[in-house]
2 protein chains.
Amino acid sequence: MGLSRERIVGAAIELLDTDGERGLTFRALAARLKTGAGAIYWHVTNKDELLIAATEAILTGAARPRAGTPEDTLRAIALGVFDAVDEHPWVGTQLTRMQAQPALLRLSESIGRQVQLLGVPSAAGFDAATALLNYVLGVAGQNAALAGSIEPGTIRGEVLGTMAAEWEALDPEEFPYLRSVAPQLRDHDDRDQFLAGVDLVLAGMATLRGVPADPPRRARPDVPSGHGPSQ
Amino acid sequence: MGLSRERIVGAAIELLDTDGERGLTFRALAARLKTGAGAIYWHVTNKDELLIAATEAILTGAARPRAGTPEDTLRAIALGVFDAVDEHPWVGTQLTRMQAQPALLRLSESIGRQVQLLGVPSAAGFDAATALLNYVLGVAGQNAALAGSIEPGTIRGEVLGTMAAEWEALDPEEFPYLRSVAPQLRDHDDRDQFLAGVDLVLAGMATLRGVPADPPRRARPDVPSGHGPSQ
DNA sequence: ACCTGAACACCGTTCAAGT
DNA sequence: ACCTGAACACCGTTCAAGT
């Protein structure tokens, strides 16, 4: 069984997951695949292409629309990205750094289409869809950065705890707000907060249709809570 | 006039602006400063610290609250970041990649405080402030990525034109939405769209107070249109 | 057609040696 | 105290040589 594009991409994903973004080098990849570094170039053009393929492997189907109201579909799409980045933080980096990422196109398409279904007038619709996309990408980028700043494989809650401790140690004169909110940071649920943000944007969109929005809830039992669509 | 931290940071900013993020190397920096590469390490710990200092130099004061309603202040803060990233795309990368970036703390503080003033209840307030921050960071990251994908110094409109052409060339079966919206992408104003997104989030926040939001406008003559607060 | 591994052109960073 | 520049330990990528 020789090399193949799939084996290479698979090994790259493993390396990225276990050793972080800096762990993926052609030498490490070659060692894991028991070949020379140059062999990989026979199947893959360069590192960028490899990263795109790896992201593609994780994100296939993540932006696929499901049945339900446009709002619920938008929540599901957004959650799909969130969970994928949660499991594979380097996906967040790819999504926010690479313009040539096909997954980003599919995500834009899915979001845009659902916003259209929402009934937002077309001029404002493009702006609204772009806003939601950018919010999702912002969270993805932050989560990737947060994961990149620590040892790969650290427990989730731990990261927020450390960050909360830093906020509590800030100068009270300059950072009263962050200090006051540090306890909330410590024991909040990322995923919940992400959804609250999605709901906030959706509530904003509702005002664009002239329909009074019901205030976004924080608890949402209607959304599946398991980590879904990533590989 | 020997070396100094300020001269080093200044030269780094010039290099980043003219040659892009990949243009900043210790060797190029040393050449520009007419020293050896190692000399820089006497004044600066490492490259990360240098990038943080450079971002800091650009973003000082960008998040400082001005007089006005909380909404207007939030718009001004967001615009400050947008314009800074517009002039110095690498700032967008820093903001979204580095957790230890002081400018990010100040930005979080400023946004959070204004959202408090907005009267959003404190539990939802933290979520709302985080949502706005993530939106701003998402746009910053995308603009940085977009700028990074092209030759430094390309004309702004040109980038969007190229991207619009790509969207028009997409498969009509798979990407009907992006194709339909390509013309809007071509001749829209980034900055306008960014503001529309901020207004969307603000409209969402308004629903959290139970106050009916007036629908966000697209034209906004009340906001200064010049590129302001960066260096 | 596919693989090997040395070699090339870079990086960031260190450090003995200078002034 | 500050600077110099060679050296070290890496990178991504290429390419002659093998099978």
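These legends describe close-up views of a predicted model with chains A and B. Local features need pLDDT of at least 70 and side-chain atom pairs count only at pLDDT 80 or more, while totals for chains, interfaces and linings use all residues. Residues are numbered from 1 along each chain as its sequence is written, chains are lettered from A in the order in which they are written, and side-chain values use heavy atoms, with hydrogens and water left out.

**View 1. The interface of chain A and chain B.**
Chain A brings 58 residues to the contact and chain B brings 57 residues; contact means heavy atoms within 4.5 Å. About 4,700 Å² is buried between the two chains, 63% of it on carbon and sulfur atoms. Buried area is the accessible area (1.4 Å probe) that two parts lose on being put together, summed over both. On the chain A side, Arg97(A), Phe126(A) and Tyr177(A) lose the most area to chain B, together 17% of what that side buries.

Twelve residue pairs are in polar contact between chain A and chain B, both residues at pLDDT 80 or more. A polar contact is a pair of N or O atoms within 3.5 Å; within protein, one must be able to donate a hydrogen and the other to accept it, and residues adjacent in sequence count only if both atoms are side-chain atoms. Zero salt bridges are found across this interface (a side-chain nitrogen of Lys or Arg within 4 Å of a carboxyl oxygen of Asp or Glu). Several helices of chain A each supply at least two residues to the side that touches chain B, among them helix 5 (89-97) and helix 6 (102-117). Helices (H or I, at least four residues) are DSSP runs, numbered from the N terminus. Helix 7 of chain A gives the largest share of that side, 17 residues.

**View 2. His188(B) in its loop.**
His188(B) sits in the loop between helix 10 (176-187) and helix 11 (190-208) of chain B. The residue is buried, at a relative accessible area of 16%. Buried means under 20% relative accessible area, exposed over 50%, partly exposed in between (1.4 Å probe, protein chains only). Neighbours within four places in sequence aside, His188(B) is in contact with Phe126(A), Leu160(B) and Gln193(B).

**View 3. A stacked ring pair in chain A.**
Tyr135(A) and Phe194(A) are stacked, 5.6 Å centre to centre with 10° between the planes. Rings of Phe, Tyr and Trp (its six-membered ring) pair if their centres lie within 6.5 Å; planes under 30 degrees apart count as stacked, over 60 as edge-to-face and the rest as tilted. Tyr135(A) belongs to helix 7 and Phe194(A) to helix 10 of chain A, 59 residues apart. Both residues are buried. Ring pairs link Phe82(A), Tyr135(A) and Phe194(A) into a cluster.

Trp167(A) lies in helix 8 (residues 156-168) of chain A and Phe126(B) in helix 8 (residues 122-148) of chain B, so the pair joins two chains. Trp167(A) is buried, with a relative accessible area of 9%. Phe126(B) is buried too, at 5%.

**View 4. Glu87(A) in helix 4.**
Glu87(A) lies in helix 4 (residues 70-87) of chain A. Its relative accessibility is 36%, so Glu87(A) counts as partly exposed. Glu87(A) and Ile58(A) are 29 residues apart in sequence and 9.7 Å apart in space, C-alpha to C-alpha.
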